[in-house]
Amino acid sequence: MAKFLVSPSSAQGLLCAAASSPWFSNDLTASSQQQQPPPTNCIISWKHCCSSTVDDSASSAVWLSKRIVGGVSTSSRRRRAAALSLNLVLPQASSQAVGLTAEAESLNDKFGKEGVKVESGEGGLPKVSLSSPNGSVAEVYLYGACTTSWKTAEGKDLLFVRPDAVFTGQKPISGGIPHCFPQFGPGSIQQHGFARNVSWDISSTESDADSTTVVLELKPSAYSRNMWDYEFVVNFKIVLGNDKLSTEMTVENTDQKPFSFTTALHTYFRAAIANVSVKGLKGCETFNKPYEDPKNPVKGAEDRETITFPGFVDCMYRNTPNEVVLANGLGTTLSIKNSGWSDIVLWNPYLTMEACYKDFVCVENAQLEPVQLQPGDSWTAQQSLVPI
Ligand SMILES: O=P(O)(O)OC[C@H]1O[C@@H](O)[C@H](O)[C@@H](O)[C@@H]1O
């Protein structure tokens with residue numbers, strides 16, 4: 001079997017070659033259409049590997065193999081991870097700042113301030129770390145504008161990232177607060193749209209005595225136009241307060257023609273599912289997606305005061321109130337407030353995600369009725385999460 005001896009200076013070329021070989025290109029195109037088209041991830045990953053502090057060449061190889069293999073189809077992932085771990089022999093990585101770390105550093109120079117730091121996160125992906133005056137902290141990846149962690153001042157992380165989440169920049173980050181935009185669920189473009197699997201830009205940061213803020217921005221790219229040919233700007237503002245995490249999403253139509261969209265904040269809350277309850281949805285119209293037949297939701301009405309999760313739950317609630325209350329089963333009760341989000345989706349995959357379904361619940365503020373935006377118009381919705 002071939003053995004790659006990779007040095008930092010030659011890594012880019014070798015991994016480019018690897019990425020364009022049939023062995024790799026099969027991997028990189030086999031999985032869903034949610035992946036971004038250019039197979040540059042290997043290069044990006046290697047740059048991060050170089051810039052990370054890695055103890056020895058063996059762990060470098062494992063690290064790199066995980067990063068590369070993270071984007072492949074499940075069926076062959078394990079075998080190829082093993083092959084990569086065995087056959088890639090890397091020299092000890094230097095702690096030289098290159099690639100995205102340099103990008104993170106330059107973003108930090110531009111946007112960093114008291115309570116706001118841009119760093120290299122998992123897989124070398126840039127993330128914004130926010131800390132509030134009372135010691136709560138949040139982490140937001142630019143990839144997908146995904147808030148992956150929100151720790152209260154007591155150190156409890158109220159968000160959940162699935163153990164199968166990958167930070168390769170090739171697939172959405174499965175956890176935290178991913179975006180569904182410009183489409184919730186299945187439809188004319190890929191499931192849950194493209195906003196969760198592209199990198200957003202930082203447009204501003206702020207810090208004051210009570211909170212720290214980052215505003216991220218998404219504009220069209222060749223990738224997005226290819227599936228949804230409209231000009232738009234989405235701004236997503238994340239405000240970490242002492243006792244709450246608030247977001248505001250604004251979609252502006254910058255095109256000459258109207259468009260419509262659906263959207264959601266697919267929030268994964270850390271939970272002990274057997275003890276989870278959601279209150280506040282009694283009386284709402286429901287569209288329940290049976291596991292066996294998700295394309296044919298069953299219409300109904302919620303008659304429970306307190307919703308629990310004894311099995312598979314995938315239900316869309318229409319015209320929901322401005323607040324629901326989630327007891328996460330781990331001792332925290334959260335008020336989930338919103339304005340502008342018209343609907344809520346509750347999701348727990350139960351045994352279809354055996355490894356982690358017990359540890360989270362998704363309560364998703366959503367806009368399921370398509371929003372029609374004329375040129376120049378915009379739509380805004382806010383969410384705030386407050387432990388009570
Ligand atoms: O696996 P994905 O694309 O992240 O979606 C997860 C779930 O997201 C929920 O919002 C949907 O209601 C479910 O039907 C879906 O299975």
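## Strand pairing

Two strands count as paired if DSSP finds at least two bridges between them. In this predicted model, strands β20 (residues 333-339) and β23 (residues 378-387) are joined by six bridges and run antiparallel to each other. Within this pair, Leu334 stands opposite Pro387 of β23.

## The sheet

Strands of a sheet pair through backbone hydrogen bonds, in either a parallel or an antiparallel way. The sheet that holds β20 and β23 is open and has nine strands, with antiparallel pairing. Its strand order is β8-β9-β10-β11-β23-β20-β19-β14-β17. The edges are formed by β8 (201-207) and β17 (306-307), each of which pairs on one side only.

## The ligand shell

## Contacts and burial of the ligand

For Glu364, the corresponding distance is 2.8 Å, and for Arg196 the distance is 2.9 Å. The ligand taken alone exposes 400 Å², of which the protein buries 79%.

Conventions
Residues are numbered from 1 along each chain as its sequence is written. This is a predicted model: local features need pLDDT of at least 70, side-chain atom pairs count only at pLDDT 80 or more; totals for chains, interfaces and linings use all residues. Side-chain values use heavy atoms; hydrogens and water are left out. A polar contact is a pair of N or O atoms within 3.5 Å; within protein, one must be able to donate a hydrogen and the other to accept it, and residues adjacent in sequence count only if both atoms are side-chain atoms. Accessible areas come from the Shrake-Rupley method with a 1.4 Å probe; for residues, only the protein chains shown count as cover. Helices (H or I, at least four residues) and strands (E, at least two) are DSSP runs, numbered from the N terminus.
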